[in-house]
Amino acid sequence: MVRAPFTGLVAFIREHLPVSDERRVHGEEITLAARKGGDLDQGQGEVLVDAMAIARQAHLRENLRVRSFMYIVYGVSIALAVTVVLVAVFGSLWPNTATLCFQPEGIGVVCPTASDTSDQSRETRGDVDELYAKVASRWDYLVVEFIGLVAAAFAAVASTAANPGHLTSHNVPVAVALLKLPTGALTALLGLLLMRGECVPGLRALDSSAQVIAWAVIFGYAQQLFTRFVDKQAQAVLNSVGGPNPGRGEPHHDPQAPAG
């Protein structure tokens with residue numbers, strides 16, 4: 001009649017108090033004595049109550065830390081998603097302002113969704129803004145952002161599969177995965193703009209629309225370089241939450257307790 005409640009209490013205390021905490025140690029000793037048939041005095045009961053109260057406070061702090069982290073991640077995700085939408089609208093309304101087109105020598109003008117290999121486009125050098133304006137499409141920005149988002153989704157799946165812990169009790173991995181989606185859309189777009197401005201050494205012009213899309217995939221997946229810090233911080237937050245994780249230390253097992 002007494003063992004089950006005590007076992008549940010000590011299990012909760014173990015989850016939320018470190019292994020070096022004296023309240024946890026005393027609580028385990030008291031439970032061990034109760035399992036052996038010993039009677040508990042008033043002082044031992046007060047120790048268990050005090051340990052339980054401290055464990056509940058730690059549990060509340062842990063949940064507050066998790067919720068605060070999730071709110072921050074969701075807020076940043078929403079801000080980035082709004083930015084992605086605004087950039088896509090800008091690219092659709094004014095596709096010639098900052099085109100994603102390239103002019104490889106001897107080929108013509110190459111854009112994400114179209115290309116021009118006519119003699120004029122192959123021979124024209126210097127001021128090519130007029131050629132870009134003819135080939136650039138209102139769908140270029142939207143397509144590049146979508147490709148970057150899909151590539152980031154694959155990265156999010158791989159990252160979540162590599163760290164499946166706490167998926168059932170906390171939504172932190174889901175929040176981090178959602179953050180990667182708009183980030184991938186923006187990194188794909190910004191990466192191509194950097195290539196367009198010849199800011200990437202050794203990469204000046206792409207030869208086909210397929211190559212433009214391929215680099216959008218690479219840059220979209222590369223958002224992992226920027227969100228890696230968020231992944232590490234999320235894992236640190238989850239490790240600080242009470243539960244069967246190494247951060248709390250190994251519990252003291254009762255060698256005389258029945259198996260199962």
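**Terms and their grounds**

Reply: In helix H9, the buried residues are Thr-227, Val-230, Asp-231, Ala-234, Val-237 and Leu-238. Their directions cover an arc of only 125° around the axis, which puts them on the same side of H9; the arc is that of the directions from the helix axis to the C-beta atoms. On the other side of H9, Leu-225, Phe-229 and Lys-232 are exposed. The model is predicted, so local features need pLDDT of at least 70 and side-chain atom pairs count only at pLDDT 80 or more, while totals for chains, interfaces and linings use all residues. Residues are numbered from 1 along each chain as its sequence is written, and side-chain values use heavy atoms, with hydrogens and water left out.

Me: Why is Thr-183 called buried?

Reply: Buried means under 20% relative accessible area, exposed over 50%, and partly exposed in between (1.4 Å probe, protein chains only). Thr-183 has a relative accessible area of 11%, and is therefore buried. Thr-183 belongs to helix H7 (residues 172–196). Apart from neighbours within four places in sequence, Thr-183 is in contact with Leu-80, Gln-223 and Thr-227, where contact means heavy atoms within 4.5 Å.

Me: Why is the pair of Trp-215 and Phe-219 called tilted?

Reply: Rings of Phe, Tyr and Trp (its six-membered ring) pair if their centres lie within 6.5 Å; planes under 30 degrees apart count as stacked, over 60 as edge-to-face and the rest as tilted. By this rule there are two aromatic pairs. In one of them, Phe-90 and Trp-94 are tilted, at 5.7 Å centre to centre and 45° between the planes. The rings of Trp-215 and Phe-219 have centres 5.6 Å apart and planes at 35°, so this pair is tilted. Being four residues apart in helix H8 (residues 209–221), Trp-215 and Phe-219 are separated by about one helical turn.

Me: How do you know whether Trp-215 is buried or partly exposed?

Reply: Trp-215 has a relative accessible area of 23%, and is therefore partly exposed. Phe-219, with 16%, is buried.

Terms used. Helices (H or I, at least four residues) and strands (E, at least two) are DSSP runs, numbered from the N terminus.
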